Every structure is written in structure tokens, then in C-alpha cells.
Amino acid sequence: MLQTVWVSSPGSWALQESNSHRRGKKRCWKCRFVRTIIQHPCRRHAPKRSRRERMLRKIQICLCFCFVSGLLYEISLLSSSVFSYLPVGQHYLTPEQVLNLGKSIIFLETTERLEPPPLVSCSVESAARIYQDRPIILFMRGLTNETALDMNTSYAAFSLLSSMKNVFIFPLQMETIFQETPLLQWYNQVVPEQEKNWVHVSSDASRLALIWKYGGIYMDTDVISIRPIPQRSFLAAQKSRFSSNGIFGFPARHKFVWDCMENFVLKYNGNIWGNQGPFLMTRMLKTLCNLTDFQGTEDHSCQNISFLNPQRFYPIPYPAWGRYYQVWDKSPSFNHSYALHLWNFMNRNRKVVEAGSNTLAEKLYKTYCPTTYEDLIQNAKHRDPPSPEDT
């Protein structure tokens, strides 16, 4: 009986021919191993093996099984977290390479500041903890390629965030982001110095372009994540019949996002705050469906786009934003929420989280961004050394 098997030899694949009835023929150990594992000769023609040979065959099969099992386990670990072995301060991946991993959570900082304040750090950290299998990306306008390489040693908040295996911090390069979108022509014509709301308008444009190109979820830097968002295509209702643009998610190349970019340019008015932001999302959603009031905690759906109940992200509405910085007799559970928007735009008095204040915001920090909270406590100790009397 002639049987043909493939065996590996250095530098090439060779076709070997064997005869199971011919005895005394010397075979290389590779050939014997391959035949032992993959060949199953008919019992009627196979010579009777000695006890020693049968034992060796069982050992070889066990070793092969252990090797394959170990290999499959390593592959499963790699696929479960593509970026688990890539600390931010050591890898040199480009933004596009990370975004192409898919399902990114994207944050934007369109001011020139280089030290993220605690609320920004808490937002990024909470997302990194809730979405451990997804890349969390913070784009910063004030960064350049040079500062990005040295950011871990230059700024304390970078060191804190970059210690998280799935957090990436990149420079925000708008001209690159707007390539191949309707926003590029607008960007080339606009004069930022003459724009009244440039920080907000540029952020509104950048988030649309990034989500359209790569898909994923965009979040404002004052959003604290508390549980995963199950929907892929969604807008967040700030109130009945009105959409925010502080958090939304879509797959790459979604038509709704492209239409929003076209309308952004067509009806651009930088003097009206929100015209390219929440008002844009609302008017575009109204072209698809008839918006109605929410009943209870139900979500609405419109042409495969989920319009999520205000309880999902805005259980405390913007007129009551100060309640986050107050002490509650009993803290709310937020059982119907995926994340909490802290309305930092309304925080003109610059209220901050203080250690030991027992405010709702402090409790959120402790629970969802404990590393940021610990850093906050340490910084407070350094800023306020004990007086001689206290000592």
C-alpha cells in the first residue's frame, strides 16, 4: 500500500513516498513522527506493535496535543486584547493603525492645553475600565509629534493615563482627519481667529469625521462611563425630541454621519453655539423620522438608529448640573444609565471634586476612576502641607 504524506524539510516542502509493508527501511525521525500522528493504517494490514512502541505512540500523541492546545491558548489571548502588550509610552503606532483596530472610544481636546484636568482624566480612565477590550483614544490639539513622544515624562496626567494598556494619546491633526470628507473644503476656507466658538466648532467637525472614517463611539471629556453601551448606531437624547452630540456611535462609513457632515458645511454658522453640534444632530434626525416624547425609560428607534432615552446619559439635566457637586442624602443608583454627562460647559464657577467632600461627583470618581481619584488626593496633599499646629 502506497501512502503519500507532506513533511517539512529545511527550506522546502518535499513529497515523500512510503510503503507500510516494507520492513527494515530506515526512515528519518521527522517522517516517523508525521506518520505516527496523521497516518492511520488499516488494522488488517498493519504489523503488530510491541508494547514499547505503543507506549511511545501514546506519549507522542499527548505531547502533540499539549503543543497544539498551548498554541491555541496563546492565539486566544492575543485576539482577546490586541493592544494588551503595547504600553502607550513604548509603542509607535499611528492613530490610523489604532483606529483601524475598530470599535474605538474617542475623546477630543481641542484647546491648546497639555495637562488634562481631573475630569478629563476621569472620563478617559472610566472608559478604559468599562471597555477593556477596546482602544480608548484621546486626541489633543496642543500636542505635536515631538511632544507626543515625550509626554509620559513631561506631564503627570499623561503618565497616569498611559499606564492603562488600552489608552492611546495622539496629536489632533485636523487637516489629516478631514481628508476625503465634505469638511476639508470648509476647513481650508475658515479662519479660526475670526470664529467666536472655534474650540466647540472644530470639535464638532472632528468627531463627525473620525466616526465616519473609522466607526466607534465619541464621548465628551466630561462623560463618566459606568457600564457598556450595547447599541452600535445611536444618538443620545438630551431631552425629548432633542439630540445631543456629546456622545454618539456609528459603524464606519455610515450614511447618517456623512449627511451630517454635508449639512454642517451647507448650513454653517459659527456664531450660533451648537448650530454644528446638537442642533445639527437634531435637525438631521428629524429628516428621518417623527420625534415623539419619551415614556418612562424606553428608547426610540428610527431607520436602524437608536435614539436613546435621556436617562441613558443625562439623568441629571443641564439646569440641575450643580447637583453633581452637592452632598446627597442617598446617592442615586443610575440603574438605567450607561454613562453620566457632568455638564462641564455649565460649570463656569469651576467647581471641582475635593477629597472628603462626600459629593456625588466624588463618589463617582471613587467608583469609576479610582486611579484619578488617588492622584487627586496626592496632589491635594502636596498643595496643602500641614501647618505647624496640625503637626
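Mentor: Let us start with one pair. Asp293 and Arg241 form a salt bridge, with their closest N and O atoms 3.1 Å apart; the term denotes a side-chain nitrogen of Lys or Arg within 4 Å of a carboxyl oxygen of Asp or Glu. Distant parts of the chain are linked by this pair: Asp293 belongs to the loop between α12 and β10, Arg241 to the loop between β8 and β9, and the two are 52 residues apart. Helices (H or I, at least four residues) and strands (E, at least two) are DSSP runs, numbered from the N terminus.

Trainee: On what basis do these values rest?

Mentor: The model is predicted, so local features need pLDDT of at least 70 and side-chain atom pairs count only at pLDDT 80 or more, while totals for chains, interfaces and linings use all residues. Residues are numbered from 1 along each chain as its sequence is written, and side-chain values use heavy atoms, with hydrogens and water left out.

Trainee: Are Asp293 and Arg241 buried, exposed or partly exposed?

Mentor: Buried means under 20% relative accessible area, exposed over 50%, and partly exposed in between, with a 1.4 Å probe and protein chains only. Asp293, at 38%, is therefore partly exposed, and Arg241, at 42%, is also partly exposed.

Trainee: How many salt bridges does the structure hold?

Mentor: Side chains of opposite charge can pair when their charged atoms come close. The structure holds seven salt bridges. One of them joins Lys255 to Asp259, at 2.8 Å from N to O. Both residues lie in helix α11 (residues 255-266), four residues apart, or about one turn of the helix. Lys255 has a relative accessible area of 60% and is therefore exposed.

Trainee: Where do the partners Asp299 and Arg312 lie in the chain?

Mentor: Asp299 and Arg312 form a salt bridge whose closest N and O atoms are 3.1 Å apart. Asp299 is in the loop between α12 and β10, whereas Arg312 is in the loop between β11 and β12 (339-341), so that distant parts of the chain, 13 residues apart, are linked. Asp299 is partly exposed at 27% relative accessibility, while Arg312 is buried at 10%.

Trainee: What is the strand order of the open sheet?

Mentor: Two strands pair if DSSP finds at least two bridges between them. The open sheet has eight strands in the order β5-β4-β3-β6-β9-β8-β11-β10, with mixed pairing. Because β5 (167-171) and β10 (300-302) stand at the edges with a single partner strand each, one side of each lacks a neighbour in the sheet. From one strand to the next, the twist averages 25°.

Trainee: Which strands pair with β3, and in what sense?

Mentor: β3 (residues 105-109) runs parallel to β4 (residues 136-140), with five bridges joining them; the bridge partner of Leu108 in β4 is Phe139. Helix α4 (residues 118-130) packs on the sheet, touching β3, β4 and β5, and its direction makes about 170° with that of β3. β3 also pairs with β6 (residues 216-219), in the parallel sense, over two bridges, where Ile105 has Ile217 as its bridge partner. β6 and β9 instead pair in the antiparallel sense over four bridges, with Ile217 opposite Gly249 in β9.

Definitions and conventions: Axes fitted to C-alpha atoms, helices over the stretch in contact; angles between N-to-C directions. Contact = heavy atoms within 4.5 Å.
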